[in-house]
Amino acid sequence: MKAAEMKLDGNAIGGLLIEIFGTDLTGSMGVCASCGAQGQVATLDVYVHAPGIVARCRSCEAVMIRIVRSETRTWLDLSGTRTIQIDER
Ligand SMILES: [Zn+2]
């Protein structure tokens, strides 16, 4: 399978993020820690066979979100994300 065929967008992890954070983050603005680009989580490039799941900045391709799940735990790496703005609703 070609890499391009495995590339999804942030909506692909919308349900997973709701499970982890308890709210829908796909419309939230994230800031890349690497290049400072701002964009909605839905616009990130998502690879679900990474290993684990990674969401990359569309500007510089740095990994902003990495999620690895086992049956008993979820491991969340947000070191590539400077901020995520979660709007009250
Ligand atoms: Zn970036």
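This is a guided tour of one protein chain, from the whole fold to single residues.

**Before starting.** Residues are numbered from 1 along each chain as its sequence is written. The model is predicted: local features need pLDDT of at least 70 and side-chain atom pairs count only at pLDDT 80 or more, while totals for chains, interfaces and linings use all residues.

**The whole chain.** Display the chain as a cartoon. Two helices and eight strands are present; helices (H or I, at least four residues) and strands (E, at least two) are DSSP runs, numbered from the N terminus. Along the sequence they follow the pattern α-β-α-β-β-β-β-β-β-β. The radius of gyration is 12 Å, close to the 12 Å that the globule rule gives for 89 residues, so the chain is as compact as a globular protein of that length. Here the radius is taken over C-alpha atoms, and the rule is 2.2 Å times the number of residues to the power 0.38. Along its principal axes, the C-alpha trace spans about 40 × 30 × 20 Å.

**The open sheet.** Next, select β2, β3 and β8. These strands form an open sheet in the order β3-β2-β8, with antiparallel pairing; two strands pair if DSSP finds at least two bridges between them. The edge strands, each pairing on one side only, are β3 (38-40) and β8 (81-85). Strand β2 (residues 29-32) is joined to β8 by four bridges, and Gly30 stands opposite Ile84 in β8.

**A residue in β3.** Select Gly39, which lies in strand β3. A residue is buried if 20 or more other C-beta atoms lie within 10 Å of its own, exposed if 12 or fewer, and partly exposed in between, with C-beta atoms placed from the backbone. Not counting residues up to four places away in sequence, Gly39 touches Met29, Gly30 and Arg58; contact requires C-beta atoms, placed from the backbone, within 7 Å.

**The nonpolar core.** Now select Leu44, Ala55, Met64 and Ile65, the residues with the most contacts inside the largest nonpolar core, which has 14 residues. Such a core is a set of buried Ala, Val, Leu, Ile, Met, Phe, Trp, Tyr and Cys residues joined through C-beta atoms within 7 Å. Strands β5 (53-56) and β6 (63-69) each supply at least two of its residues, and the largest share, four residues, comes from β6.

**The last stop.** Centre the view on Met64. Leaving aside neighbours within four places in sequence, its contacts include Gly30, Cys32, Leu44 and Ala55.

Key: Contact = placed C-beta atoms within 7 Å.
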